[in-house]
Amino acid sequence: MQGLEIANLTKSFGSNTVVSDVSLHIEQGKFVCFLGPSGCGKTTLMRIIAGLEEPTTGDVLFDGRNITSLPTYQRNFGMVFQALALFPHLNVAENVGYSLRFRTMDKRHKADRIDELLRLVDLPGTQTRRVDQLSGGQRQRIAIARALAQEPLLFLMDEPLSALDAKLRDHMQVELKQLQRRLKITTIFVTHDQREAMTIADEIVVMANGRVQQVGSPIDIYRRPANRFVADFIGQSNLAEGILLDRTHVQLDGRTIEVRSAPSQLAIGQKVTVCVRPEGTLLSRTEMSKDLPTAKVTFVRDVGSTVEVHLDRAGQQMLSFMSPAAWDLLSGQDELAVSFAPGAATVLED
Ligand code: ADP
Ligand code: MG
């Protein structure tokens, strides 16, 4: 199989299992994010892929070849970590060219390559600058150029932007994504920031407690969270308990609502949790929709571009996002009717 394959990987430190039976296939050319809260095992999984840590059980394969015991330096993977390891006593060109130092490459060719890499990360002409004279964002880009110099088969980044301020981080996310698209290099990017993962990933691997919770495109994971953890960790959501009537219907509050195809392990007739995102939670005037359940408005946050309406439905908190224009028609009402947009309700696995 092309790309990276992780098969039934487990890693324990003593009695503490931090990566638990992880299996994944990362396709050639994809930009994949490992996303999860601090301590969930992202770095450990990344270090195993890099060959810096040995798994307790399980295998790592690259392009079909088992590399579980292959030393790091023989893998030809590029790495950028949160704590940068640029050499402060070397200038920019010497840092970027570091991995080329033993290559049989003439001086001219090597200089051209460094030139090309610096243009790639948008820092042309900085060859002779000292790295301690560069800003945080510039240093981060030098570290990326250095990792790319060896033309890695796989590009691994562990929270590479977390030390940067918010504005620069936003900018670098877009730059990294565009760079990866141009180079088409298979990339794994670790982050605990869901917004960052949503921005840059083709595919997100959501992790918690050493286990993979869900794998999918950002929009898939947002719209169809697999379980409570994902629904909670990524974005905001309204959860409600109901009874599964059939694969596409749930009884909620004595009413039948349509849901996306429920997970097959759930039995008809059992209690299930339905998740609806705030923008799929629709509000209307009670006199216009007499047969709908109602909720009390408890707080309205109008941030200009969207309006967040907080509600109380029989003691349960709910949240609805709407456009200012739609809200204009409803403001002043204490009580509103609640419904779900078609296709907005998902049944969770747990
Ligand atoms: P993340 O990157 O998601 O924050 P880590 O992979 O760094 O998580 O850590 C997962 C867990 O493994 C943590 O509880 C951490 O303390 C533990 N851990 C990581 N490395 C070691 C180690 N070398 N020895 C013992 N425990 C470790
Ligand atoms: Mg980490």
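Glu151 is located in the loop that joins α4 (136-149) to β7 (154-158), with helices (H or I, at least four residues) and strands (E, at least two) taken as DSSP runs numbered from the N terminus. The model is predicted: local features require pLDDT of at least 70 and side-chain atom pairs pLDDT 80 or more, whereas totals for chains, interfaces and linings use all residues. Residues are numbered from 1 along each chain as its sequence is written, chains are lettered from A and ligands numbered from 1 in the order in which they are written, and side-chain values use heavy atoms, with hydrogens and water left out.

Apart from neighbours within four places in sequence, Glu151 is in contact (heavy atoms within 4.5 Å) with Asn76 and Arg113. The C-alpha atoms of Glu151 and Leu183 are separated by 9.9 Å in space, and the two residues by 32 residues in sequence.

The surroundings of ligand 1 comprise Phe13, Val18, Pro37, Ser38, Gly39, Cys40, Gly41, Lys42, Thr43 and Thr44, the criterion being a residue heavy atom within 4 Å. Oxygen atoms of ligand 1 are approached by backbone and side-chain atoms. A backbone N or O atom of Gly39 is found at 2.6 Å from a ligand 1 oxygen, and a polar backbone atom of Gly41 at 3.1 Å from an oxygen of ligand 1. For Lys42, a polar side-chain atom is placed 2.9 Å from a ligand 1 oxygen.

The domain assignment, which is automatic or from a database, gives domain 1 (4-228) and domain 2 (236-347). Their C-alpha centres are 39 Å apart. Contact between the domains involves 6 residues of domain 1 and 9 residues of domain 2. About 670 Å² is buried between domain 1 and domain 2, 45% of it on carbon and sulfur atoms; buried area is the accessible area (1.4 Å probe) that two parts lose on being put together, summed over both. On the domain 1 side, Tyr222, Pro225 and Arg228 lose the most area to domain 2, together accounting for 70% of what that side buries.

Across this interface, 1 salt bridge is found, a salt bridge being a side-chain nitrogen of Lys or Arg within 4 Å of a carboxyl oxygen of Asp or Glu. The side chains of Arg228 and Glu241 form a salt bridge with an N to O distance of 3.1 Å. Helix α7 (residues 218-223) contributes the most to the side of domain 1 touching domain 2, with 3 residues.

How values were computed: Polar contact = N/O pair within 3.5 Å; in protein donor to acceptor, adjacent residues only side chain to side chain.
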